[in-house]
Amino acid sequence: MKEYTTKPFECFDKDWALVTAGNMEDYNTMTISWGSMGTLWSKPIVTIYVKPIRYTYQFLEENDYFTISFFPDDYKKDLGILGSQSGRDGDKVSLTQLTLKQLKEGVTFKEATKTIVCKKIYYQDLDIQNIPDKAIEKYYEKEEPHRMYIGEVIDIIEKEFI
């Protein structure tokens, strides 16, 4: 596997990313700012968090693979659109400058500088009883807690600059 270097406390929280699940004909993507990278069961993994009310949630449930794509700052507006619009309401990707790209397992976007391809190996709902009160007030007063997905990293694709 390729070596991957990143700023672990910025790549999700400050830079954002897209999580995408499905295939070219039937997929959804959404912007995420919560996630982590590490190891579990001697495997390189990415952990992400998605609320059940999000349209992408059903795609994560129905598919064995998902991708995490990172972009240059020039695409921050596009990631904002993909994080605030729902794929239930139409083709939100058409509102952006992004171009869908087929992978062996899943899809990404041609404009992504890095895409991490993950095989879903574990998931679990966050337990509201174990969440700090301030986080409940901020994120879960009106919605169910996130589901945590852990994906084994099976490939890292870097954009080739020619």
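Six bridges join β1 to β2, and the two strands run antiparallel. They belong to a predicted model, in which an open sheet of seven strands has the order β2-β1-β5-β8-β9-β4-β3 with antiparallel pairing.

- Strands of a sheet pair through backbone hydrogen bonds, and the pairing can be parallel or antiparallel.
- In this open sheet of seven strands the pairing is antiparallel, and the order β2-β1-β5-β8-β9-β4-β3 shows which strands are neighbours.
- The edge strands are β2 (27–32) and β3 (35–40), each of which pairs on one side only.
- From one strand to the next, the twist averages 35 degrees.

**Strands β1 and β2**

- A hairpin joins β1 to β2 through four residues.
- Within this pair, V19 has M30 in β2 as its bridge partner.
- In a regular strand the side chains alternate between the two faces of the sheet.
- On β2, Y27, T29 and T31 lie on one side, while N28, M30 and I32 lie on the other.
- Both faces of β2 are covered, and these residues are all buried.
- Six of the six residues of β2 are buried, so this strand is largely enclosed by the rest of the structure.

- β3 and β4 pair in the antiparallel sense over six bridges.
- The hairpin of β3 and β4 has two residues between the strands, and in this hairpin W41 takes a positive phi near 55 degrees.
- The bridge partner of G35 is I48 in β4.
- Strand β4 (residues 43–50) is also joined to strand β9 (residues 147–158), through six bridges, and these two strands run antiparallel.
- Along β9, Y149 stands opposite I48, and G151 stands opposite V46.

**Helices against the sheet**

- Helix α1 (residues 55–62) packs on the sheet, where it touches β1 (17–22), β2, β4, β5 (65–70), β8 (114–125) and β9.
- The direction of α1 makes about 120 degrees with that of β2.
- Helix α2 (residues 76–84) lies across β1 and β2 and runs at about 115 degrees to β2.

**Nonpolar cores**

- In soluble globular proteins, nonpolar side chains tend to be buried together.
- The largest nonpolar core here has 22 residues, and I48 and I68 touch the most other members.
- At least two residues of this core come from each of β1, β2, β4, α1, β5, β8 and β9.
- Helix α1 gives the largest share of the core, four residues.
- Another core, of twelve residues, lies apart from the largest one and includes Y75, L100, F109 and A112.
- Leaving out residues up to four places away in sequence, I68 touches F12, A17, L18, V19, I32, V46, I48, K114, T115 and I116.

**Salt bridges**

- The structure holds five salt bridges.
- In one of these, the side chains of K51 and E143 meet at 2.5 Å, N to O.
- K51 lies in the loop between β4 and α1, and E143 lies in the loop between α3 (133–139) and β9, so the pair ties together parts that are 92 residues apart in sequence.
- With a relative accessible area of 12%, K51 is below the 20% limit and so counts as buried.
- E143 has a relative accessible area of 32% and is partly exposed.
- K114 forms a salt bridge with E158, and the closest N and O atoms are 3.5 Å apart.
- K114 is in strand β8 and E158 in strand β9, so this pair ties together parts that are 44 residues apart in sequence.
- E158 counts as partly exposed, at 35% relative accessibility.
- D125 forms a salt bridge with R147, with the closest N and O atoms 2.6 Å apart.
- This pair also links distant parts of the chain, since D125 is in strand β8 and R147 in strand β9, 22 residues apart.
- R147 is buried, with a relative accessible area of 11%, whereas D125 is partly exposed, at 39% relative accessibility.

Key: Residues numbered from 1 in each chain as written. Predicted model: local features only at pLDDT ≥ 70, side-chain atom pairs only at ≥ 80, totals over all residues. Heavy atoms only, no water. Pairing = 2+ DSSP bridges. Axes fitted to C-alpha atoms, helices over the stretch in contact; angles between N-to-C directions. Contact = heavy atoms within 4.5 Å. Core = buried A, V, L, I, M, F, W, Y, C linked by side-chain atoms within 4.5 Å. Buried < 20%, exposed > 50% of the residue type's maximum accessible area, 1.4 Å probe, protein only. Salt bridge = Lys/Arg side-chain N within 4 Å of Asp/Glu carboxyl O.
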